[in-house]
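Please look over the sequence and the structure below before reading on.

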Amino acid sequence: MHTLGSKKWIGLTIEQNGVRYIKLKKNKSWEMETRSFLPLQPGMIIENEIADKENFRELLQNWVQEKGLKGSEVSLSIPPSQIIIRRMTIPSTNAKQVEQLVKLEVETALHLPFENPVYDYLPIRKDEENTHLLVFAAPRRLVEDYVELLADAGIKVSAVETSATALARAIGVGRSESFTETMLIHQDGAHLDIYMFHAGQPIFMRSINLNDMQPNQLAGFTDGSSPIDPDGFESANQSRISAEQMVEITAEISRMLNFYQYSLHDGETRITEIIITGSRTGQQQMLEELQLAIGDMNIRTVNFDRLTSEAAADPELNAYRIAIGAAIRRTDAGALDLLPREDREAQLYPVLMASILILWIFGAIAVGILYVTNRDTVNEQAVRIQELNDNKTLLMAELAKLNTKGQPTDPKLVINTILKSRMDAVAVLDQLNKPMPQGGAIVNIGYTQNTEITLTANFVKMEDASVYLSQLRKLPFAVSMQIDKLSEDMAEVGNLPTRVYAAVYKIRMTNEKQTQEGGTE
């Protein structure tokens with residue numbers, strides 16, 4: 001949640017008849033700092049899609065320049081006609097897992113009437129294993145068109161939401177509104193938007209174009225938008241709905257109330273209040289008709305001619321009702337946001353893979369150089385072990401000869417004794433090298449005849465030292481073994497300094513008892 005600080009509270013709406021901009025400030029209470037309206041010609045926006053982008057861009061840029069709005073950062077509210085709401089149950093309560101699973105569902109399993117959606121979701125409740133939420137989706141192209149055209153004019157969009165959430169937030173300014181089981185009706189010229197809220201969130205939205213109802217009985221909506229003055233204030237005498245239109249509207253509202261009660265909630269709950277917003281004339285007409293058609297419900301109107309009860313009345317402020325809600329969006333932690341954003345993980349994936357590949361190549365080169373460098377050292381140590389074994393065998397033969405106290409000794413017996421006691425150093429070295437992990441190398445070996453081998457090896461990974469120890473324990477000539485020392489060091493591999501882990505192993509070839517017995521014979 002953002003802090004109040006010195007940030008600007010700016011809301012903007014793009015509607016059929018124009019673009020509305022409002023900037024608020026908050027000291028002890030909300031106050032309007034500035035507002036502006038850009039009227040649009042009929043046909044420039046059709047069904048909430050910008051039909052004439054070039055003319056719209058030119059008008060928008062001139063308006064932003066004239067009103068000094070360039071550089072503004074705004075929260076944008078968009079009409080609901082192309083926004084889809086879906087209920088979803090995710091088998092997890094972990095926020096990160098829920099985010100990933102929602103993404104998977106939207107991209108693979110969620111059936112939408114458009115491709116490439118932009119979406120967001122609002123959790124509504126959790127149980128022990130599941131998170132129940134609402135997914136809001138809109139065509140990415142539609143939202144990107146709004147954002148890009150505003151950016152070209154010099155206005156940055158920081159968030160995008162639907163008019164349902166913005167209007168509900170505006171109604172809550174200075175009032176205690178929970179929207180627990182609420183229908184919200186909003187008339188904007190020739191368009192009537194109906195929202196149904198449950199537990200504070202919109203779960204169903206319906207847009208009605210009054211021009212599509214009883215075409216021969218229209219009351220002032222022949223061109224698809226209501227007449228407005230230069231500040232965006234709708235003319236009261238153009239907000240009335242014909243009797244024939246009202247019959248159809250009340251019938252549609254009754255169907256929606258039944259749908260909410262019986263289809264969405266299996267008869268367990270129902271809408272308990274209806275709130276009507278729009279022009280004063282249209283509000284009063286709708287209120288009277290609904291009170292006649294639906295008498296057992298709390299039906300009321302809400303106006304926006306002042307931000308707080310202490311502020312002076314400003315009838316023209318009512319036309320900015322949705323923009324007001326968008327402007328104070330930052331007060332709503334976890335608010336809906338349909339602003340298209342690049343998937344950070346998708347952006348980083350190619351870079352990450354390229355980095356891993358480069359590291360792998362350098363690692364393979366370093367391992368190869370380390371292997372070639374240490375191979376000569378290992379061969380030298382093998383030759384030295386063999387020489388020491390031969391010398392020791394000869395000395396033992398000499399000692400045995402002295403112990404005979406001058407008695408003649410059979411040369412063949414001496415030779416056989418030497419051969420039997422001689423250890424095949426090459427074979428032992430092969431057995432020590434065979435289980436060596438990739439990149440590891442023996443760099444030093446010390447040997448005590450038939451008793452102990454002291455071995456030093458370098459590894460590229462610390463865990464390889466443990467792996468090698470477990471493999472050494474399987475050697476047939478080894479009774480016990482241990483790591484005496486494990487340290488991190490830098491070694492010269494070719495001309496490159498490389499980090500290695502040096503491990504010193506002690507391999508006992510006889511146990512302590514055998515050694516002692518051998519010494520007392």
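**Surface and core**

Phe362 is found in helix H8, which covers residues 344-403; helices are DSSP runs of H or I with at least four residues, numbered from the N terminus. This is a predicted model, in which local features need pLDDT of at least 70 and side-chain atom pairs count only at pLDDT 80 or more, while totals for chains, interfaces and linings use all residues. Residues are numbered from 1 along each chain as its sequence is written, and side-chain values use heavy atoms, with hydrogens and water left out.

Exposure
- Phe362 counts as exposed because its relative accessibility is 56%, where exposed means over 50% relative accessible area, buried under 20% and partly exposed in between, with a 1.4 Å probe and protein chains only.
- Of the chain's 521 residues, 45% count as buried.

Nonpolar cores
- The largest nonpolar core has 93 residues, and Phe56 and Met183 are those with the most contacts inside it; such a core is a set of buried Ala, Val, Leu, Ile, Met, Phe, Trp, Tyr and Cys residues joined through side-chain atoms within 4.5 Å.
- Helix H3 (residues 140-153) gives the most to this core, with 7 residues.
- This core lies between domain 1 (1-174 + 307-341) and domain 2 (178-212 + 242-303), because both give residues to it; the domain bounds come from an automatic or database domain assignment.
- A second, separate core of 26 residues includes Leu429, Ala503, Tyr505 and Ile507.

Contacts
- Leaving aside neighbours within four places in sequence, Met183 is in contact (heavy atoms within 4.5 Å) with residues including Ile194, Tyr195, Leu257 and Ile275.

Terms used: Helices (H or I, at least four residues) and strands (E, at least two) are DSSP runs, numbered from the N terminus.
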